[in-house]
Amino acid sequence: MKCTCTTVREERTSATICHLYYSERSRAIVVGAGVLRPHCLLRPASDMATTMEVRRDGVAVITVSNPPVNALSLDVIASLQRDYGEALRRSDVKAIVLTGAKGRFSGGFDLNAFDKKPKNEKPGSLSIGFLTDIVEDAPKPSVAAIDGVALGGGLELAMVCHARVSTSSAQLGLPELQLGIIPGLGGTQRLPRLVGLPKALEMLLMSKPLKGVEAHKFGLVDAVVSADELISTACSWALEIVEDKCPWFRSLHRTDRLPALEETKKILNFARLQAQKQSASLQHPLVCIDVIEEGIISGPRAGLMKETLCGKMLEMSQISKSLRHVFFAQRATSKIPNISNLGLTPRRINKVAIVGGGLMGSGIATALISNNLLVILKEVNEQFLDAGISRVKANLRSLVKRGQMTKEDYEKKLSLLSGVLDYEQFREADVVIEAVIEDVSLKQKIFADLEKYCHSDCIFATNTSTIDLQLICQKTSCKDRIAGAHFFSPAHVMPLLEIIRTHWTSSQVACFLVDYGLDVYHIDHVITKFGMPMGPFRLADLVGFGVAVASRKQYLQSYPERCYKSMLIEIMLEENRTGESSRKGFYLYDDKRKASPDPEIKKYVEKSRSMASTAQYPKLPKLTDNDIVEIMLFPVVNEACRLLDEGVALKASDLDVASIMGRGFPSYRGGVMFWADSFGAKYIYDRLKAWSKYHGGIFEPCEYLSTRSRQGLSLAAMADGAMSRL
Ligand SMILES: C/C=C/C(=O)SCCNC(=O)CCNC(=O)[C@H](O)C(C)(C)COP(=O)(O)OP(=O)(O)OC[C@H]1O[C@@H](n2cnc3c(N)ncnc32)[C@H](O)[C@@H]1OP(=O)(O)O
């Protein structure tokens, strides 16, 4: 099973400690060690090319071979051009079948190769000069034989062919927009001509691939066969085209699936609105729509040229660089020295026990049963247990409502859950996840109990966001089996992640800003405009003030010198405002959980300000929106630097992934450290230093940041001799 987002936080006591792996594809958790990836090793150049075999029936089978996903590297493309040249020249070749080695057609253009493209390349030489003028307009037909993935440039190659045969499980799509670019090998022109404009827009704008059967239904593939029959069917199809028994379609010249001009404009304008609604700060989806429009209005060759020119510009954009960084950073999370390179096999997990059926526990239970794991949910009394199970049911219903689960599956998944009031059934558990409130002594007692009831190699995990793991382990003798696993709320929606302390830092700075006169709702607005899914106050409502206060208490105990002691949340708690669960927090919530600002907030803010005695400090200068973002997020960068410095986090890119998947940092900014490096260590250091002069330790730059600033190094560059303590 391939996994993503894995790291174990805090004090690890043994190299044998488990890792919790979260598989993006199946959304399941696996406990064990990493996945050995032999393809990471250097391989001979011949592996990264194409091979050609001319069969007796006159079909040349060209196979792309560049493990692991047959990406189209510059070498592969050059080799493909050579093989095509030969196949078209040879008199014994009647037709061509294009396929990928080891059951994968192609995962698209090599994402490492964007910066390596020759600078003086003539615009359109690959897309128009080779693929259109030589392959598509060739006197010999080509048929694509697709298994596994045909994504991005892979599918574009297949669409240049005159027919496509695929397996039912093959995935066909153009996910380029997810990477801040648009298809560059004719995808914007050929996809609408094959599947129709609305479906093409959906596939492009949502980066949504089709499975073989659906692709057949929409006309993207011509036949679906088993993997065993793939090459033979494609060869027969190619020969039938030669013999005029099957049509010889050139995708670029088809118009039968394109709507009339007026209808086209309507569809495209609607798509523009949708794209802006989805993310107003992203331009490349709009560029993609413009390029499609150009092809329909001015003809496909004009469309191809516009695609090439716009594509080149987008490839160089900061947004695309950030998103490509995130792609590799996500994959790098599962590469953990001394774990993932040992060749160990992840342990299979069948049954998971959860202690605590509150918001987190019930969310975790939902995530697990949704992925077919048996779950035992423990609570302290019938009333709490019923409430926990009701929450799981509500979570499942919301998945059904969003179309992520069928109604039939609802009952099936629910049957995997059993509620208990004691530890008897915990003997059968492979993993136990403790998800009670942030109370050290309670957690210590639970782990001491768990040790008595569970089998000796059961893995224990604590869902804590703030408490030192060493403390939690203190009363057990099974320290080497306890891992920290901080789920983010709602746990059945958010992927599992490593803890980042920065999570609450931003809220502290937000309270600091409020005490200094800024408006709660303006801060949330600015942070949302920056690209976060919600601002710190809306988030505090969602998580609940109880958690906020408990977390803050831990921080104050552990790091008093770098905490800001605002009383704002405590003051609100005194009046029973607890956040979204009580429908009253910083916002008011209606029946549909829609948040609206509450004018009464002023009262609490004024009280907090008077208790903070902010008057004794110099006034903050008038802050622009940019200032607010920096004053909120640079302390987060500072904390992230500490995590690297202390070896708590393995590498800067892990923090990027954590910030994106755990806190919703906008992926098009590349994650917190990648974003920080766009300013440079010196700028961040200087800003923090200036604020710390008046406002103390919460802004004091850490040693790591200070050194990098002096030495002119990036924050992500690994220092010589740097070692993680994980
Ligand atoms: C003009 C044309 C533009 C384009 O074509 S842009 C590219 C468009 N293509 C994509 O966006 C597809 C990107 N890749 C994926 O979505 C997934 O990958 C796959 C579905 C293809 C396979 O998924 P899974 O089986 O889970 O493997 P994995 O861990 O994601 O990848 C295995 C290794 O393959 C590398 N890799 C994947 N795709 C590419 C690529 N397009 N260019 C370069 N490398 C790629 C990864 O990084 C990783 O490598 P490591 O094992 O070292 O971590």
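**Ligand contacts and helix packing in a predicted model**

I'll start at the ligand: one of its nitrogen atoms is 2.9 Å from a polar backbone atom of Leu-111. Keep in mind throughout that this is a predicted model.

Staying with the ligand, a nitrogen atom of the ligand also lies 2.9 Å from a backbone N or O atom of Gly-107.

Next, the overall division of the chain. Domain 1 covers 50-316, domain 2 covers 351-501, domain 3 covers 512-616 and domain 4 covers 621-725. Between the C-alpha centres of domain 1 and domain 2 the distance is 45 Å.

Now two helix pairs. Helix α8, residues 261-278, packs with helix α9, residues 284-298, at an angle of about 175 degrees, and the axes are 9 Å apart. An angle over 145 degrees counts as roughly antiparallel, so α8 is roughly antiparallel to α9. On the α8 side, the contact is made by Leu-261, Thr-264, Lys-265, Leu-268, Ala-271, Arg-272, Ala-275 and Gln-276. The α9 side supplies Pro-285, Leu-286, Ile-289, Asp-290, Ile-292, Glu-293, Ile-296 and Ile-297. By class, this contact of α8 with α9 has 10 nonpolar, 2 polar and 4 charged residues.

How do the axes of α18 and α23 cross? Helix α18, residues 520-530, and helix α23, residues 625-645, cross at roughly 85 degrees, with axes that come within 10 Å. The range from 65 to 115 degrees counts as roughly perpendicular, and α18 and α23 are therefore roughly perpendicular to each other. From α18, the residues that meet α23 are His-522, Ile-523, Val-526, Ile-527, Lys-529 and Phe-530. Their partners in α23 are Asp-625, Ile-628, Val-629, Met-632 and Leu-633. The contact of α18 with α23 divides into 8 nonpolar, 1 polar and 2 charged residues.

Last item, a single residue. Thr-233 sits in helix α7, residues 230-242. A polar atom of the Thr-233 side chain lies 2.6 Å from the backbone oxygen of Glu-229. Setting aside neighbours within four places in sequence, Thr-233 is in contact with Val-165 and Val-225.

Technical notes: Residues are numbered from 1 along each chain as its sequence is written. This is a predicted model: local features need pLDDT of at least 70, side-chain atom pairs count only at pLDDT 80 or more; totals for chains, interfaces and linings use all residues. Side-chain values use heavy atoms; hydrogens and water are left out. Axes are lines fitted to C-alpha atoms, for helices over the stretch in contact, and angles run from 0 to 180 degrees between N-to-C directions. Helices (H or I, at least four residues) and strands (E, at least two) are DSSP runs, numbered from the N terminus. Angles under 35 degrees count as roughly parallel, over 145 as roughly antiparallel, 65 to 115 as roughly perpendicular and the rest as oblique. Contact means heavy atoms within 4.5 Å. Ala, Val, Leu, Ile, Met, Phe, Trp, Tyr, Cys and Pro count as nonpolar, Asp, Glu, Lys and Arg as charged, and the others, Gly among them, as polar. Domain bounds come from an automatic or database domain assignment. A polar contact is a pair of N or O atoms within 3.5 Å; within protein, one must be able to donate a hydrogen and the other to accept it, and residues adjacent in sequence count only if both atoms are side-chain atoms.
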